[in-house]
Amino acid sequence: MDPECSQLLPALCAVLADPRQPMADDTCLEKLLDWFKTITEAGSSLLLLQENPCLVELLCHVLKPQDLSSRVLSFSLRLTGVFAAQEDCFQYLQQGELLPRLFGEAGPLGGAAWTAPTVRSGWIQGLRSLAQHPSALHFLADCGAVDTIFSLQGDSSLFVASAAGQLLVHILSLSMRGPAEGPPGLQADDWPACAQKIVGHIEESLRSTAAPQITQALNVLTTTFGHCHDPWTQVLWVQLHPLVAALLEKDPVPAAHSLVDLLLSVARSPGLSSSSCGLWETLAQTLSHLSPTQAGLLALGILKLQDCPQALRAQAFAVLLQPLACVLKATAQGPGPSGLLDSTSADSVTADILLPSKAACVGLLCRTLAHLELLLPLPQRPCPWPQAPLLGAAVTLLQLCGGSGSPASDEGRQLCTLLLGCVRVQRAALDFLGTLSQETGPPELVTQVFAVLLEYLRSPDSSPTVLKKAFQATFRWLLSSPRTPGCSDLDSHALLFLRELLPVLQKRLCSPCWEVRDSGLEFLTQMTRRWGGQAGFRHALLASEVPRLTEQLLRDPESYVRASAVTAMGQLSSQGLCVPPASPEHPGGQQKSLLGELLHILSTDSEGFPRRAVMQVFTQWLRDSHADVVGDTEQFVAGVLQVAGQDLDWEVRAQGLELALVFLEQTLGPPRSHCPYAVTPPVAAPASPLTQALQPLCRVRLFEFAFRALFDCDRPVAQKSCDLLLLLRAKMASSSSLQEPRSSPDVASVEAALQRWRAGDQAQPLGDLEPEVVLAVLRSMDLEGLRGALAESSDHVEKSPQSLLQDMLATVGILGENEADCY
Amino acid sequence: MPEIRVTPLGAGQDVGRSCILVSIAGKNVMLDCGMHMGFNDDRRFPDFSYITRSGRLTDFLDCVIISHFHLDHCGALPYFSEMVGYDGPIYMTHPTQAICPILLEDYRKIAVDKKGEANFFTSQMIKDCMKKVVAVHLHQTVQVDDELEIKAYYAGHVLGAAMFQIKVGSESVVYTGDYNMTPDRHLGAAWIDRCRPNLLITESTYATTIRDSKRCRERDFLKKVHEAVERGGKVLIPVFALGRAQELCILLETFWERMNLKAPIYFSTGLTEKANHYYKLFITWTNQKIRKTFVQRNMFEFKHIKAFDRAFADNPGPMVVFATPGMLHAGQSLQIFRKWAGNEKNMVIMPGYCVQGTVGHKILSGQRKLEMEGRQVLEVKMQVEYMSFSAHADAKGIMQLVGQVEPEGVLLVHGEAKKMEFLKQKIEQELRVSCYMPANGETVTLPTSPSIPVGISLGLLKREMAQGLLPDAKKPRLLHGTLIMKDSNFRLVSSEQALKELGLAEHQLRFTCRVHLHDPRKEQETALRVYSHLKSVLKDHCVQHLPDGSVTVESILIQAAAHSEDPGTKVLLVSWTYQDEELGSYLTSLLKKGLPQAPS
C-alpha cells in the first residue's frame, strides 16, 4: 500500500465505523474491497494488518451493538474473509477471537442484522474467501458454519441461496484436498468428517419429497462434478447414483431441469469413467422418463458428448427429432414415412404436448429448432444427418405459420390454427432454415425453400424481425446454392430467384418501417459484396430499381438507414453498379457524383452513423483504388481529411486517421515488420527520396491532421495518431534522414504551435509544412512517452485507490444536501 | 395456487440499475434492463445468469418492457439482447425508441474511450437491438401473445417515460418506472386509470421527501447563471445529450429573451438538432403549455443557443456552455472544465447525480485540488454548484398514485432501504394495503385468485328459462351443469351434451341409505305402510307402490327387508339419484322419524 493511502486509511475506517455516516455511493465499498483483494494477492495480509491497525479496529468495532448499516457490516465480513485467506493472518485474527465473533453464533448470525440479505451474502462471501486452508476447515466445523450454510441454500434471496450452494462445493473440495500428508482415501467412510457431513446432507436432500431441497442437492452436485475432477468424485457418484436414479421413479420427475444439468455435468467430467458407473443407463432412462419439453436439452447435451454409446445417441437424436416428425406426419399429404423417424412410439406423447395448447406447442417447437440449430455445425452431430426431412419440416412450419400450408388431416389443421401468424416460431424456423443452408438438399426441396423465403419477404404480415431473419436466411441459401466447382457465381436457378427477389427488395426499401429498410439495405450490401462482379447478378440488379432507391435512401429521415445506404452505395459504386446508364430523357443530364454526395453527407449530416459510414466507404475506396479516387487521389484525401478533422464525432476523426494510414502506406510502401526478431537488411535509403516521398503527405495536410489528432481530447484518436506517427518514424529510422541536422526557424514555430495545441488552443493552423520540418519535429517528439501515457485510461487517476479513499472521505457530512439523487 | 412472483435483479432496495422480473399467470416479463454507471466491469449489468439458469432466455422470457430512456433503465439492453442472447420482443414507447439508441451510443463512445472497457456492445449491436423493439402508443392495449397484454400510461419524468400495466386474464401488475406527479416546465404529470391491479410496483426514490417546488430550484439556477455571466464569468453545465439538457435550454432561452441578455449560449454535443427534432416530433408528450404555444413559437427552436466549437472555449468574455458528458468523466465537458477551473469568476453547475470515480463527484464532494495525469494538480477555483432537477414523485406523489390505482398490494423498488421502510409503514397504515420491499435477488410471492371466464351452452340456458324463472342479477341462483375444459376454454353444458361431446357412456350414481324401523309386521305390510304414509305427506309427488312390493317417489326407491338379527325390526333400503338428492335426504329424515301408528 502506498504511503498516501496508508495515511488516509485510519480516517476512512473511522468513517466506516460511524453509523451516523452513511455511504452515498453503493459502489465505493465494492471498489474498496477490490482494492484490498489486489493488495492481499500481491503481499502479506498479516503485514498489512500490522502496519494498519485501524483495519482490525474497524473489524472489532462493527461487532459492537449499534445501528451500523448492513452494507458496512457485509463489507466487514467480506474484508475479514479476504484477510483470513492467508493462514498466518487467519491465526492472527483467531488469536483475537475475531473470527468466531464475526462468523459464529455470537456474531451478526444471531442478531437483527441477519434479516438483511446483504449481510447474509457478506457472511457467505467472507467464508468463501477464508476457506483456503486446513485451519479454516477446523474453524468452520467448530463454529457450526456448515449447518448454517445448509439452511442458507433455501434462502429467500436467489443470490444468497446460490452463493451458499457454491460455498458448500468449495468446502467439500477443500476438505477432500486433505492435509499436507496426503488426500483422504477413496473409501467414503474414510473421508473427513466435514465432507461426510456435506455428502450426508446431499443424500438426505435427494431422499426428500420437497422439490426445492432436491434441486439444491442436484445443483451442488452439478457444480461439484463441473469443477472437481479428482478421483474422489467418482466415489461420490457411485455412492449417490442410486439416489439420483431413484428420482426417475417419481412421477413427475422432480427438479427435471437440475437433474438434466447434473447428468450432463457428470457425463462431461473427465474424472469419471461413465461406463462403470451406470451413467449411460441412467441417461437413457432419463430420456424416456422426461417429457419431450424437458428431454430436449438433455438430448442435445448427450449428442454433444465426445464418446457415448451409439444407441444412446440414436435415442437422444430421436427425442430431438420427435416434434418435427410429428409436424411432418400431421401435415403429410399422403401415407408413407416422413423420413424423419420411422418408429413412432413416442408420437402420441409429443402430439399430446403439441396439439392441445398453443403455448406448449410453440415452446416445444422453438426449443427443438434451437437445439437442432446448435447441433448442426458440430463435428459430432449425428451421421447420417437427415437434411431433407429437416428442410421439409422447416419449410412446413414456415408455411403453417404463414398461412400457406394446407394440411389434409385434422391434426394438421389443428396445428395450422395454433401456429398461424406465430412470430416466435417464424423467427426460430427462419434461423434454423438459415443454418440448414450449410448442407444442400434435393433440388425440389431447395426450390421450396426459396419459395417459402420469397413468400415471407413478400408477405405484408411479416414483422420487421421476421423480415430481417428472412433476409439473412435468403442470403445464406443463395451462398450455398449449387455452383460450378471453383466458381463463386450464382447458378441459373438462383438467378431466376434473384429476378423475383429484386422487386420484393425494391418494395421493402420503400417500407414505412426503418427497420425493414435498413435490413433490406444490409442484405443488398451483402449480396453486392459477394456477387457484384458477376454478370448475371449485375444484369438483374441494373435492370431493377434497387440502385436508384438505394441512392434515394441516402436522404432517409432515419440516420441508421442513411448509414446503411451509404455503405450499400459505396459497395455498389465499387462494383460499378450505382451509375445507371444515362436515360434517353435526360441525355447528358447533370448526374451528381456519388463522391460529391458522400462528401456532402460527411460535412453536413447531423448524425454520426452516416458520417462514420462515409469514412469507411472512402477508406475502402482508397484501398481499392476506386475510379473516383484514382483521378486525383491527393485532392480526395486532402478534402476528406479537412472535413473529418472538424468532425465532432471522435470515431469519424479516428476513421480519418485510418484513411490517412492507407494513404501513407500507399505513398511510402507497406509498413516494416514490427517483429523485433525479424531480420531486416539495413538498407539505408538516401535522404532525398524520403523527403520527396513525404511531399504528397504534406500536400494533403496529413501532418496537420495527425498532429491535431495527437492532442485530441478523445483518447482513441490521440492513440491512433500516435501509432501513425510512430510508424512514420520507424520508416524514417531506416533512412539516413536521422542524421539530418534540425533546428530551423520553421521547426521552432511548428514546435511552438504544437505546444499550444497540447495546451488546448488549437485555433491556429500549422500552414504548409515542408517534409524536412516534419521530419525534424517528428524526431524531437517523445512519441513513445505519449503512447505510454495514452495507454492509461482517461480516468485512471480518478479510478486510483487514493482517489477512491479521498472521495469516500470527502463525501462525509455533505450527504444531506445531495441525498440519494439519481436520474 | 396461482401466484405473482417478483424478483428484482436490480433496483431492489437501491437506485442502481433497474431490472425486475415478474412472473404472472405463467408469463415471464422483464421490467427495465438498466446499467450501473458506477462500475467499469461486468458488475455494471444485472446478473442475468439467474435467468439463463432456467434454460434459453428467449424461451423463458415472454417480453422485455423498458419504461424510459435513462441508462439505469435501458443501458444493459444491447448487452442482454445481442451478447447474452435474448431474441424476443422489447416494448417501449415511440419517444423512448427514438432516444434510447442516442444515449446508448453516447455512453458506448465514452466507455470505449476509456481503457479496459472490454465486453461492451458495439454500434451495430445497438442497432440490431433497436430492431427488436416494438414501439407502443399511450393507452394502446398491445397483445404480446394470446394471453399477455400490456398498456402504457403517461409517467412524466422524461420525454416518453411510461408506466406499464401487464395483464394476463384477470391478473395484472402495474410498473411505474420513474414518474413525476407534478408537471414541470416541459412535461406533464403522470396519470393512470383506476385499474386495481393485484400489484403496483412503484419507484420510491424520494420516499421520505416532500420536494419543494421545482420553480424555486429553477429560479435559483437562473439567478446563479445570471450572476456569473454578469461578472464576466464562463458557466459550464455538464449534461447528457438528452433530457435535462433540453429542460435547461428552455429555461435559459426564455430567460435570455426576457432579460435581453447578450452573452452567448453554446451547446457542445452536436446533438442539439437531433434532440430538438425529437422534442418537436413528440410534442404530444410534452406538457400543455408547450403544446399550446407550439403554434406561435416552438419552444425547442432556440434563438440564443448555438452550436459550440472547441475553439470558442478560449474566447474572452462571458458565455454559457452545455457540454457532454454529464459527470465530467471524459470528453469535451472535462476538457472545458480543465480550462476554466482556475478562474474564480467561472462557474460549473452540475444538474444531476455523479458516480464515484468521476471529476463531477469529486468537485461535488468539495474537493478543490484535483490530481490530474502525470501527478499534476488542478486547483479548482471556479464556483461549483449542484442543482437537482431530477423529476421523481415525492412521498406525497407516491401515496397519491397508490390511491389512484387502488392496487391489492404495493412493491417498492428504486429507492434506499431505510426510506422504503418508512414509506412501507405509511402505505400499510394509511392505505391498508400490504407493501413489500424485496432486496435484489429476493422473490416476493403473492397468491392470487384469478377469475376464469366460463362459457355456457345455449341449451342449458334455455332449459333454465323453461323452468319459468327469469334471470335476475340481484338474486343469484344455482345452475347445474357439467364443466368442460377443452382447448384452454371452460364451458358449462348439460350433462347429456357433455357426454355426447366427450363420447362417454352414462353411468348412474345412486345414493343409498338404510333406515331401521321398529315394525314386527311382514315386509310387504311395512312397505304398504310406508307407501300410505308417503302418499299422505308428499301430495305433489308421484308415489307408487310397485308389484314387487317396493315404493318409488320420483327416482327414489324404497324397499323393506327383514332385519337379520331382530325380527321386530325392519330395514328400509332407500336409494336415489343425485338429481333427487334433496328429496332423497328429506325422505330419509322423514322415515327416520318413524311411521304414524296404524289404526289397529
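Let's start at B:Glu385. Setting aside residues within four places in sequence, B:Glu385 is in contact with B:Lys224, B:Met347, B:Val348, B:Ile349, B:Met350 and B:Leu364. Keep in mind that this is a predicted model. B:Glu385 sits in strand β19 of chain B, residues 383–386. Is B:Glu385 buried or exposed? Its relative accessible area is 15%, and buried means under 20%, so B:Glu385 counts as buried. Its side chain has polar partners. One is the side chain of B:Lys224, in a polar contact of 2.9 Å. Another is the side chain of B:Gln383, at 3.0 Å.

Next, B:Thr93. This residue lies in strand β5 of chain B, residues 90–93. B:Thr93 has a relative accessible area of 0%, so it is buried. What does its side chain reach at 2.8 Å on the backbone? The backbone oxygen of B:Gly160. The side chain of B:Thr93 also makes a polar contact with the side chain of B:Thr96, again listed at 2.8 Å. Now the neighbours, not counting residues up to four places away in sequence. B:Thr93 touches B:Ala135, B:Val136, B:Gly160, B:Ala162, B:Phe164 and B:Trp285.

Step back to chain B as a whole. The domain assignment gives domain 1 as 3–210 + 391–444, and domain 2 as 214–386. Domain 3 is 454–470 + 477–502, and domain 4 is 510–593.

One salt bridge inside chain B, before we cross over. B:Arg521 pairs with B:Asp519, the closest N and O atoms being 3.3 Å apart. B:Arg521 is partly exposed, because its relative accessible area is 33%. B:Asp519 is at 1%, so that residue counts as buried.

Now the interface. 91 residues of chain B are in contact with 79 residues of chain A. The size of an interface is often given as the accessible area lost when the parts come together. Here, chain B and chain A bury about 7100 Å² between them. Of that area, 46% is on carbon and sulfur atoms.

What about polar pairing? Between chain B and chain A there are 28 residue pairs in polar contact, both residues at pLDDT 80 or more. Which elements supply the chain B side? β1 (3–10), α2 (57–60), α5 (94–113), α6 (123–130), α9 (272–281), α11 (331–340), α12 (359–364) and α14 (417–431) each supply at least two residues. α5(B) gives the most, with 7 residues. By residue class, the side of chain B that touches chain A divides into 22 nonpolar, 34 polar and 35 charged.

On to charge pairing. The salt-bridge count over all chains is 64. Across the interface of chain B and chain A, the count is 17. Let me show you some of them.

First on my list, B:Lys131 with A:Asp518. The closest N and O atoms are 2.8 Å apart. B:Lys131 is in the loop between α6 and β6 (133–136) of chain B, and A:Asp518 is in helix α27 of chain A, residues 514–531. Both B:Lys131 and A:Asp518 are buried.

Next, B:Lys362 with A:Asp807. The closest N and O atoms are 2.8 Å apart. Why does this pair join two chains? Because B:Lys362 lies in helix α12 of chain B, while A:Asp807 lies in helix α43 of chain A, residues 801–811. B:Lys362 and A:Asp807 are both buried.

Then B:Lys127 with A:Glu522. Here the closest N and O atoms are 2.9 Å apart.

There is also a network of salt bridges. A:Arg612, A:Asp649, A:Glu651, B:Glu105, B:Arg108 and B:Lys109 are linked in it.

Last stop, A:Arg427. This residue is found in helix α23 of chain A, residues 423–436. A:Arg427 has a relative accessible area of 7%, so it is buried. What does A:Arg427 touch, beyond residues up to four places away in sequence? On chain A, A:Thr465, A:Val466 and A:Lys469. On chain B, B:Thr58, B:Asp87, B:Gly88 and B:Pro89. A polar atom of the A:Arg427 side chain lies 3.5 Å from the backbone oxygen of B:Asp87. For scale, take A:Trp123, 304 residues from A:Arg427 along the chain. Their C-alpha atoms are separated by 45 Å.

Terms used:
Residues are numbered from 1 along each chain as its sequence is written. Chains are lettered from A and ligands numbered from 1 in the order in which they are written. This is a predicted model: local features need pLDDT of at least 70, side-chain atom pairs count only at pLDDT 80 or more; totals for chains, interfaces and linings use all residues. Side-chain values use heavy atoms; hydrogens and water are left out. Contact means heavy atoms within 4.5 Å. Buried area is the accessible area (1.4 Å probe) that two parts lose on being put together, summed over both. A salt bridge is a side-chain nitrogen of Lys or Arg within 4 Å of a carboxyl oxygen of Asp or Glu. A polar contact is a pair of N or O atoms within 3.5 Å; within protein, one must be able to donate a hydrogen and the other to accept it, and residues adjacent in sequence count only if both atoms are side-chain atoms. Helices (H or I, at least four residues) and strands (E, at least two) are DSSP runs, numbered from the N terminus. Ala, Val, Leu, Ile, Met, Phe, Trp, Tyr, Cys and Pro count as nonpolar, Asp, Glu, Lys and Arg as charged, and the others, Gly among them, as polar. Domain bounds come from an automatic or database domain assignment. Buried means under 20% relative accessible area, exposed over 50%, partly exposed in between (1.4 Å probe, protein chains only).
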